[in-house]
Amino acid sequence: MLSSTWGSPSGTVQLPKEVTPYTVNIDQGQLDRTQTLLKLSPIPGECYENSLPDGSRKLGLRREWLVEAKRVWEEEFSWRAVESQINSFPNFTASVPVNEQGEQINVQFLGIFSQNPNAVPVVFLHGWPGSILEFLPLFSLLREKYPDPARLPFHLIAPSLPGFGFSDQFPNDRNYGMEDVAFVVDSLMVGTLGLKNYVVQGGDIGSRIARVLGNRCEQCSAVLINYSPVPPPESFDFTTLSEKDKRGLERGDWFRNDGSAYAMMAASRPGTLGLALSASPLALLAWIGEKYLDWTDPLSFTQDQTLPSGARYSRKLMNEIIASVALYWLTGKIHTSFYSYREAFALNGRVPPSSNAQFPVMAPKKVGMMWFPYEVIPTPRAWIEKYSNLVFWREEEVGGHFAQLEQPEVLAKGLEDFIKVLQEK
């Protein structure tokens with residue numbers, strides 16, 4: 001087992017007493033019950049929609065993939081191995097305020113602290129259906145590159161967002177949204193950890209929170225994102241688009257027309273959806289598995305296995321999906337993770353705040369963007385420049401929506417280069 005002492009607080013960062021070490025350790029009885037539920041959960045027979053003759057998923061998840069994923073979860077997957085991976089990094093919990101009145105929740109976070117006095121604090125924010133698991137490959141790479149904590153150029157903080165993973169959910173008294181999450185993250189970084197400034201990195205929901213932080217929070221000095229759906233500027237000349245941009249816009253059209261029904265469900269009926277998905281680990285595997293399969297770049301994972309139909313799939317990606325689903329299931333947090341969608345669609349009384357509608361103007365904060373071709377809504381550079389103080393642009397050849405998980409080497413290089421640009425400027 002890897003040592004969790006790498007990046008432990010000392011020297012440059014002294015944690016207050018309200019921050020306590022944390023170890024992930026799910027009760028064995030809960031793991032046994034999950035196995036029983038999986039074994040007792042039936043998979044319906046083949047039909048046209050779940051077994052399309054062309055081998056595609058254009059009408060939803062393929063039955064044969066779910067059959068194999070269920071078998072792997074029951075017979076081969078080890079949650080204890082996932083725990084060991086998480087616990088190989090320093091973990092903490094802290095009681096963090098959720099509002100100006102001081103009401104608090106417990107927030108779990110990975111906290112890797114450099115002994116370099118010039119280290120730059122970076123907070124990493126996951127999305128849905130993501131978690132802190134997305135950042136483990138990236139952090140592992142940095143641990144290999146900087147085995148001496150005195151040389152690590154960053155403090156790395158990755159919280160489980162409120163209502164996700166090992167963090168508490170928001171109170172039940174009202175709607176909560178991205179500004180509330182930003183308040184919690186800023187309170188953790190500045191109020192709890194005592195950091196004078198920080199950079200934020202995120203995709204999906206994390207990028208939306210990052211925009212709020214960049215727009216509203218003084219100590220947030222810069223924003224590096226890998227997801228930024230924005231509208232075209234007024235009177236934009238579409239004939240100036242590159243072929244790569246055109247393919248990106250086609251990808252975005254596919255997502256809006258064929259891949260976003262789940263989001264409307266999460267926005268309009270999150271109560272029903274949460275109750276249904278919390279009743280069966282297999283149902284949750286189908287719901288989340290589909291997103292990973294559709295949103296990741298096929299080139300990010302070797303398609304090394306074959307299903308009965310002849311369709312190829314990646315065992316590594318399947319294992320990552322099962323780990324993500326298991327985390328949601330074992331923490332009982334799928335039903336508390338949908339709140340961001342209500343805000344995104346302005347449904348049920350939740351109106352997007354101006355700082356989060358589309359893409360806020362984040363000047364004078366500096367913005368970096370890492371563009372991946374298999375993102376669900378790849379956006380042309382010219383559009384992003386219109387809405388932000390863009391100082392860093394990196395266009396990648398491979399990668400999708402879960403860029404931190406799919407391309408950790410690329411993210412690590414992009415982060416280091418972005419920080420260099422900030423320091424030069």
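A: The model is predicted. It contains zero disulfides. Cys217 takes part in none, and the cysteine sulfur nearest to its own, that of Cys220, is 6.8 Å away. A disulfide requires two cysteine sulfur atoms within 2.5 Å. Seen from Cys220, the closest cysteine sulfur is that of Cys217, and because 6.8 Å separates them, they are too far apart for a bond. Both residues are buried: Cys217 has a relative accessibility of 12%, and Cys220 has a relative accessible area of 0%.

The largest nonpolar core has 134 residues, and Trp65, Trp79, Phe139, Leu213 and Leu285 have the most contacts inside it. Helix H11, residues 315–331, gives the most to this core, with 11 residues.

The chain has 15 helices and 11 strands. Its radius of gyration is 21 Å, close to the 22 Å from the globule rule for 425 residues, so the chain is as compact as a globular protein of that length. Of the contacts with a separation of 6 or more, 78% join residues 24 or more positions apart.

An unreviewed UniProt entry annotates residues 19–135 as "domain: Epoxide hydrolase N-terminal". That span is 30% helix and 21% strand, and its end C-alpha atoms lie 21 Å apart.

Definitions and conventions
Residues numbered from 1 in each chain as written. Predicted model: local features only at pLDDT ≥ 70, side-chain atom pairs only at ≥ 80, totals over all residues. Heavy atoms only, no water. Core = buried A, V, L, I, M, F, W, Y, C linked by side-chain atoms within 4.5 Å. Buried < 20%, exposed > 50% of the residue type's maximum accessible area, 1.4 Å probe, protein only. Helix = DSSP H or I, 4+ residues; strand = E, 2+ residues; numbered from the N terminus. UniProt positions renumbered as here; feature names shortened; annotations may be inferred. Rg over C-alpha atoms; globule rule 2.2 N^0.38 Å. Contact = heavy atoms within 4.5 Å.
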